[in-house]
Amino acid sequence: MKAILDHANENNYGVMSMNCINIEMVRAGIEAACEERSPIIIQMGCGQISKHAHLTEIVPVVKELAERATVPVAYNLDHGSNLEDEIRAIQAGFTNVMIDASSLPYEENVQRTKTIVSLAHPMDVSVEAELGHVGQAADGDGRTDDMYTNVEQAKDFVARTGCDALAVAIGTAHGNYPKGFVPKLDFERLHELKEALGIPLVLHGGSGSGEENLRKAVAGGINKINVCTDAFAAAKAGMLELLEENPNADFLALQMKAEASVKAFVKDYMHIIGSNDRYVYADFDSGSKE
């Protein structure tokens, strides 16, 4: 993931990091990326792994589809907090792990992140950390600045931990926002963080943030945008649409519709965050692109 995000950081665009829980979502994301000539990050959270996306079955699927891809694909553990989960992901073949100790006291966050970096980097696995705290939309988190990332603290954190990317809190939250609510993001703080750190920055809680906010966040220095709720919603909407058209649709048809709906959603999202056409083989002499 480090190579993907370093390229995004150097060229000022965002990369979609989509939570996937089955082969249909993984395939939809990677096929969309190939068609849009965009990098993509496939990720899973620990809860999703324990409930449905069991590593023994899903890891070979991700590896197989990623190796076929014509664009860079990374495999990320989302919101790892326990040492055992991080080690299991590294051993399973994830190319990045996130350590989320953001709810803990600052020094404990530093020490836990340093530990994961020391375990991951020798295995050629990069590390994302979080400073500040991106809470839950349903709880009203993200509406006040008491959990926002402090710029000076972030400089100290990155220097001491050696993390490769940093998830920052600038006003978003995980999950579904109340109907009609669009978060107000602190773009000035984002600019200050980017100026101070210079590394790839991550926006968690990308779902429901609004297209304008996403474009401005990428322009301000966000290079990785986590998407879960909106991707799940796209799959559900596709299946419901099919059932409206054909109440007798079987499970196969529903899964195919869900996959097609997620793929269309991903392709649109890549255009919003500017990752499309970033991996194009160009003949600069003739001006043609393939």
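Where does aspartate 124 lie? In this predicted model, aspartate 124 sits in the loop between α6 (106-120) and β5 (126-131). Its backbone stands out. Aspartate 124 has a positive phi of about 65°, although it is not a glycine. Its relative accessible area is 70%, so it counts as exposed.

Aspartate 277 is not a glycine either, yet it has a positive phi of about 60°. This residue is found in the loop between α11 (251-273) and β9 (282-283). Here the relative accessible area is 41%, so aspartate 277 is partly exposed.

Now turn to the start of the chain. Isoleucine 4 belongs to helix α1 (residues 2-11). Is this residue buried or exposed? Its relative accessibility is 6%, and the cut-off for buried is under 20%, so isoleucine 4 is buried. Leaving aside residues up to four places away in sequence, isoleucine 4 touches Tyr13, Val15, Pro39, Ile40, Pro72, Val73 and Ala74. Take valine 73 from that list. Isoleucine 4 and valine 73 are 69 residues apart along the chain, while their C-alpha atoms are separated by 8.1 Å.

Last come the cysteines. A disulfide is a covalent bond between the sulfur atoms of two cysteines. How many disulfides does a search of the whole structure find? The search finds 0.

Key: Residues numbered from 1 in each chain as written. Predicted model: local features only at pLDDT ≥ 70, side-chain atom pairs only at ≥ 80, totals over all residues. Heavy atoms only, no water. Disulfide = S-S within 2.5 Å. Helix = DSSP H or I, 4+ residues; strand = E, 2+ residues; numbered from the N terminus. Buried < 20%, exposed > 50% of the residue type's maximum accessible area, 1.4 Å probe, protein only. Contact = heavy atoms within 4.5 Å.
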